[in-house]
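Hello,

Please find the structure we talked about below.

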Amino acid sequence: MRRNVSQVPKEFMVVELLIEKPQAECDSTNNNFELHLHLGPHYRFFNGALHPVVSQTESVWDLTFDKRKTLGDLRQSIFQLLEFWEGDMVLSVAKFVPAGLHIYQTLDGDDLMLCEVDIADGEDIFVWNGVEVGGIQIPTGGDCEPLLLNVLSLTPSGEGGECQQLIESPRVFPSNAQLGTVFSALAIPEGVVVLISNTESIGEESWTTVPKEDLKKTFREQGLRNGSSILIQDSSSDNSLLTKQGKWITGVNDTDWLQVKNLCQLESEEEQVKVSATVNTVVFDIRIKAIKELKLMKELAENSCLRPIDRNGKLLCPVLDSYTLKEAGLKMGSSLGLCPGKAPTSSQLFLFFAVGSDVQPGTEMEIIVEETTSVRDCLKVMLEKSGLSGDTWHLRKMDWCYEAGEPLCEEDATLKELMISSGDALLLTEGKLPPLKHEMNKLKAAVRRLALSSVGAPSDGHAEGSLLFLGDVDISEDAALVELKSQAMTLPSFSEFCIPSPAFLRAWTVDSKRPGRLLRFHHQQLKEYKLGRRTEICLEPLQKEENLGPQDMLLRTQMRLPGKRAYTLPMDMVWDTARGSTAGSLRQRVADFYSLPVEKTEIAKYFPEKFEWLPVSSWNQQITKRKKKKKQDNLQGAPYYLKDGDTIGVKAKKMSENIAHYFEMQNLLVEDDDDFSTVRDDIAREKQKQLALGKKSQEALHVQSSDVASGAETPARPRGPEASLSIHVGSFR
């Protein structure tokens with residue numbers, strides 16, 4: 001006989017609800033996927049592909065959607081999201097290629113579910129009218145995929161045109177276009193020879209000549225792909241940088257010299273000289289030889305540098321004198337410029353920068369700054385060098401085609417933290433910093449500072465710091481962890497702490513008023529940590545910069561004092577668990593950390609919520625006399641559940657006087673027992689016991705008084721007959 005809901009025991013209903021809720025959450029997680037929406041009005045078509053008008057960040061919207069819904073549902077949701085949209089809306093699958101963004105396939109069939117349309121998680125969807133972008137008709141499909149090719153041509157240089165200079169320019173062509181379109185695109189007359197190489201590194205492979213009849217074949221039919229090179233040279237000229245075998249004569253095996261040009265604006269008998277060298281020759285020696293052979297002043301030895309010259313004649317960033325040619329990445333036959341001024345040191349950055357949006361090649365300015373310079377200070381120096389003023393400027397990165405990239409929004413972060421390297425190009429853009437993308441995707445972080453004891457006498461306390469509230473921070477989920485640290489450092493209450501940079505802060509989540517999960521990667525986005533919209537973050541000051549790997553575990557270790565139930569001050573220890581998080585591995589790491597013999601080292605994990613210590617022993621020591629299947633010893637599982645921030649107590653067993661004297665550990669000798677607890681632990685456990693007893697006695701009194709009151713008011717309700725209950729447990733093996 002079936003019972004209705006009212007007859008089902010309340011305990012069973014609660015269990016059923018607890019089961020259904022995780023199932024619903026798991027079902028939602030498994031069926032949701034993320035789409036990157038590229039909005040057509042925010043793009044323009046040039047150089048054979050689509051490029052954002054402002055920046056990639058401001059042109060892309062992230063949308064999480066249920067793939068069980070239909071394509072029509074997705075289109076309707078985007079319509080509601082884009083209130084400004086007018087006219088037809090076409091959704092197409094797009095992909096990033098080296099030339100830019102290219103549209104491959106238009107999505108049709110509004111009745112089809114997204115899982116049937118074959119859309120992958122993280123797919124790029126281009127939202128447009130299906131015909132044109134910015135008034136230009138857009139080619140679509142894989143057949144016309146744009147290819148980014150290197151087009152090289154030889155031009156005479158020097159007196160009488162005896163030397164050949166190689167000019168390289170990146171060009172984009174549709175893969176289904178004929179190879180002969182190179183002539184019209186570059187305005188090259190007929191009567192030239194076209195050679196192709198399908199390798200990205202010129203100088204490694206042979207070049208092949210394309211017959212005249214094959215010029216009607218497409219780029220794809222010729223086997224060209226992104227990064228392939230096309231060399232164009234005059235067929236009537238005997239001058240060539242290629243041998244008969246199609247090899248570069250500037251290869252390492254053919255020459256053992258570098259060409260150095262005098263760019264110091266000083267008169268000399270020679271404009272350029274060849275300096276013999278090997279891959280292990282130091283750059284300083286080449287510079288001194290060039291100064292002597294150019295017969296320049298000896299004073300230049302203290303105030304000059306060598307700068308590589310690329311195939312377009314552009315000067316690249318200076319090379320450090322201490323580098324060998326191999327370390328500097330210079331190949332034999334390369335051209336170098338001898339320029340005035342010293343090269344930057346290993347702690348400095350050589351940067352190019354330009355002003356405005358319409359930047360032409362060769363108009364960049366140069367600057368040398370310390371890598372610890374903040375973005376705000378770097379902006380001030382660049383404005384001063386450009387002769388500009390005002391506070392309505394900001395910096396952006398500049399890509400290879402001189403287009404504005406992402407803005408540097410973290411004005412207090414250092415260039416090193418933002419991974420700016422020597423040779424990078426920045427753009428001085430007028431206007432204040434744009435707002436962060438998706439203002440609705442913000443999290444509110446209550447920032448607290450972890451104050452660990454670092455001075456004073458040892459005590460029976462443990463490595464538990466107090467949390468001091470510093471303030472609230474509103475920040476985008478798309479921001480990196482280092483941006484959260486930088487923003488927290490601007491809080492008024494943070495000014496009393498001397499923190500050089502965000503790299504000297506360790507970030508934790510806060511769990512039950514204690515540091516919980518360690519946030520270890522500086523440049524990882526906050527949304528990847530899944531912190532939630534309202535969270536508490538704890539920042540711990542460090543004495544030096546820290547860069548923990550994914551397999552590193554951070555533990556607080558404390559050495560037990562001899563003859564006392566107390567410990568020394570806590571010390572941070574990093575344990576690499578890549579080779580396994582076993583008891584033996586941890587004991588070896590602790591022994592090395594404290595310079596103890598491993599066989600005389602005892603360790604235990606502290607459980608602060610219970611005020612108890614659990615000695616860490618190997619799996620073999622835990623095996624009872626009964627036969628058990630041996631399992632892998634893993635301290636990250638039961639019963640230790642070891643994680644970042646846990647406290648590890650360390651004791652040294654008794655050892656002979658000779659060994660103790662050798663290790664200078666006489667003051668660390670303790671008796672052979674398993675007791676790791678302190679007086680504080682005893683007091684805390686006793687308080688817990690008293691609280692538990694008091695709670696039980698109160699509950700007993702409450703039950704007793706309830707029984708008396710109920711007995712005086714109403715007679716006892718007769719109980720029904722008992723019935724047997726059978727519980728069947730299925731096998732899940």
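(Buried means under 20% relative accessible area, exposed over 50%, and partly exposed in between, with a 1.4 Å probe and protein chains only.)

Before the rest, some ground rules. This is a predicted model, where local features need pLDDT of at least 70, side-chain atom pairs count only at pLDDT 80 or more, and totals for chains, interfaces and linings use all residues. Residues are numbered from 1 along each chain as its sequence is written, and side-chain values use heavy atoms, with hydrogens and water left out.

Next, a sheet. Helices (H or I, at least four residues) and strands (E, at least two) are DSSP runs numbered from the N terminus. Two strands pair if DSSP finds at least two bridges between them. Five strands form an open sheet in the order S30-S29-S33-S31-S32, with mixed pairing. S30 and S32 (612-615) are the edge strands, each pairing on one side only. On average, neighbouring strands are turned by 40° against each other, direction ignored. Helix H9 (residues 583-594) packs on this sheet and touches S29, S30, S31 (601-607) and S33; contact means heavy atoms within 4.5 Å. The direction of H9 makes about 135° with that of S30. Axes are lines fitted to C-alpha atoms, for helices over the stretch in contact, and angles run from 0 to 180 degrees between N-to-C directions.

Strand S29 (residues 552-559) is largely enclosed by the rest of the structure, because eight of its eight residues are buried. In a regular strand the side chains alternate between the two faces of the sheet. Here Asp552, Leu554, Arg556 and Gln558 lie on one side, with Met553, Leu555, Thr557 and Met559 on the other. S29 runs antiparallel to S30 (residues 571-576), with six bridges, and Asp552 has Asp576 as its partner. S29 runs parallel to S33 (residues 647-652), with four bridges, and Met559 stands opposite Val650.

Regards
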